[in-house]
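Okay, everyone, thanks for coming. Let me put the structure up, and then I'll walk you through the contacts in it.

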Amino acid sequence: MDAAPVVPLHARLALAVAEAIGRLRPHLAGADPVLRRSDRADFQSNAALPLAKRLDLPPAQLAAELAAELAAAGDPVITDVVASGPGFLNITVTDTALWTHLAARLRDPRLGVGEPARGQRIVIDYSAPNVAKEMHVGHLRTTIIGDSLARVLGFLGADVVRANHLGDWGTQFGMLIQYIDEHPEQPWRADDLGTGSTVSALDGLYRAARAAFDADPTFAQRARTRVVALQAGEAATVARWREIVAESEKAFAAIYDRLGVLLTAEDYAGESFYNPMLPDTTTELLTAGVAVHSDGAVVVQSQHVDGPDGTPVVLMVRKSDGGYGYDSTDLATIRYRITTLHADRLLYVTDSRQSLHFALIFETARRAGWLTDAVTVDHVAYGTILGPDGTPFKTRAGGTVRLMDLLDAAVAAARAVVADKNPDLPAAELDTIAEQAGIGAVKYADLSTSRVKDYTFDPARMTAFTGNTGVYLQYAHARICSILRKADDLALSEIDTAAPVALAERALLLTLDDYASVLSDVATTLEPHRLATYLYDLARTFTTFYDTCPVLAAPAPARTNRIALCQLTSHTLAHGLALLGIAAPTRL
């Protein structure tokens, strides 16, 4: 028989306050208890402040009534409840409750976190590199943020569908294929390149093809003919296109493996996947009266957004030459995800510059009847990665920074920092730790910032052992593991729930209790930085505990209880870092 789920103290007390409100004023049953952590007690409820206005009572009077009601209920978790100030309710929990919850969470492989998202199917659209082009700095945030959200939502019980919307279709492929066929002497396959990058070679060939297209009208005509052949399914052209896609996917996989993200080939659903759906999507929009004919094209005129000239902004469903573009594909995509994948929630992780585009896509989907109140959709927008000069990150020559080069720089910085701190590390172990620390530093620098904000890419700062960095958290975890290794020869007895709780122990126990609510908050706000901030606060709270409370030298039962605190802190740090996609080394 499965053990009963562990209810966090915060949730337990929130329910107790809500029930007390309902008993005192039945017509207010279900009111928000407005409970939060407090530096004046363990928790503070501010519910009396807004409720008193509705009752035309002084908030302090209602708070006193609630305090009396809670005390009369005799909840064994509560040791003290006091009304204070203009209407605050300060609540302190028993020492026994704190130790009991620690023991329960240690026994629970989920660390006391439930599955509030169970039953939801959530499609997350992220990463989306272009075939035959190198992944660059612009792909970093979408890949990291999307991966973290997939991990958190999946852990909370959701059926997560990871959707990597590859740019693998369009007129550019006719141009590239034609150029490759006309220049067989230029290698681009992995077998022909040796140590070179396939996607780098393809990127270079594409640039050459673009230059030829612009300079040579006869080549441009041949390229257009090749586009028609690709769209018509001509065997040789399609075979070459598939070869290019396959080589590009190998390059993407190498970066995903290095980043440690969850994306695999099974998650690829590029523009070509939706291409056969475009005519039916267009017909459905026309039949529903959502799309209209305009100068030979088919467009959707927004009912909510006007352009600078005062006319409605439009989505181009089908071009006047009969072709389709990004607007068409994104409309077919959202239709498919709702009507075929039966998504309950849709997340599009792209930069903030695409906000208008997705607002128009969502508006059209609602007007077409695809996007109903039963489905929620969010554009998970994010800011820009900046260089040291405060402008969008570029190479010294002004070009786009290759993602692999950016990762190499972070790993090199981490290697220097780790080698300086541990000069006797064997080379192989140093390489492993430097890779974990460098990649973790890149991810944490991104995820510790509110996603809507820009941030500066600074390898030296992000790989520091001090401050709010991924390396600091990895070091904190490794430090706790070192403490536990020294105690591994001692069989731990049961936690003594009757033991008194020291001030620093209390702070750490209450911080650990916040984990479930933090993850729920991330799922609601789609802000991974809330988890990163929590882990940083947890690491600092542990440091205060360890500096204040002896662990290995403590007498029983404090020693046993404190070792258990170290264990749960280690488990929570490692688990939280994993949800951010960051490794938690046991040595650093």
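So, aromatic pairs: a search of the whole structure finds 14 of them. Rings of Phe, Tyr and Trp (its six-membered ring) pair if their centres lie within 6.5 Å, and planes under 30 degrees apart count as stacked, over 60 as edge-to-face and the rest as tilted. Take Y515 and Y534, a stacked pair with 5.8 Å centre to centre and 25 degrees between the planes. This pair links distant parts of the chain, with Y515 in helix α20 (residues 515-525) and Y534 in helix α21 (residues 529-548), 19 residues apart. Both Y515 and Y534 are buried, where buried means under 20% relative accessible area, exposed means over 50%, and partly exposed is in between (1.4 Å probe, protein chains only). Ring pairs also link F273, Y274 and Y336 into a cluster.

Quick word on what you're looking at: this is a predicted model, where local features need pLDDT of at least 70 and side-chain atom pairs count only at pLDDT 80 or more, while totals for chains, interfaces and linings use all residues. Residues are numbered from 1 along each chain as its sequence is written, and side-chain values use heavy atoms, with hydrogens and water left out. And when I say helix or strand, I mean DSSP runs numbered from the N terminus: helices are H or I, at least four residues, and strands are E, at least two.

Staying with rings for a second, what sits over the ring of F155? That's the charged end of R110, 4.0 Å from the ring centre. The charged end of K421 does likewise over the ring of F465, at 5.1 Å from its centre. The cut-off here is NZ of Lys or CZ of Arg within 6 Å of the ring centre and within 35 degrees of the ring normal.

On to salt bridges. How many does the structure hold? The count is 32, taking a salt bridge as a side-chain nitrogen of Lys or Arg within 4 Å of a carboxyl oxygen of Asp or Glu. I'll pick out a few.

R402 forms one with E134, with the closest N and O atoms 2.7 Å apart. R402 lies in the loop between β12 (385-386) and α15 (403-421), and E134 in the loop between β5 (121-125) and α5 (140-155), so this pair ties together parts that are 268 residues apart in sequence. R402 counts as partly exposed, at 27% relative accessibility, and E134 is buried at 17%.

Next, the side chains of R562 and E505 meet in a salt bridge, 2.7 Å from N to O. R562 lies in helix α22 (residues 558-579) and E505 in helix α19, so the pair ties together parts that are 57 residues apart in sequence. Are these two buried or exposed? R562 is buried at 12%, and E505 is buried at 2%. That goes with helix α19 (residues 503-513) being mostly covered: nine of its 11 residues are buried.

Then there's R240 with D181, at 2.9 Å from N to O. R240 lies in helix α10 (residues 235-259) and D181 in helix α6 (residues 171-182), so the pair ties together parts that are 59 residues apart in sequence. D181, R226, R240 and E243 are linked in a network of salt bridges.

Now the strands. Strand β10 (residues 345-348) and β11 pair in the parallel sense over four bridges; for pairing, DSSP has to find at least two bridges between the strands. The chain crosses from β10 through helix α14 (residues 355-367) to β11, and this β-α-β crossover is right-handed, as in: with the strands pointing away from the viewer, the path from the first strand over the helix to the second runs clockwise. Strand β11 (residues 376-379) has V377 and H379 on a covered face, and T376 and D378 on an uncovered one. In a regular strand the side chains alternate between the two faces of the sheet.

Most residues other than glycine have a negative phi, and most peptide bonds are trans. But a cis peptide bond joins A556 and P557, with omega about 0 degrees, and P557 is found in the loop between α21 and α22. V34 is not a glycine, yet it has a positive phi of about 50 degrees. And D295, with its phi near 50 degrees, lies in the loop between β7 (292-294) and β8 (297-306) and counts as exposed, at 78% relative accessibility.
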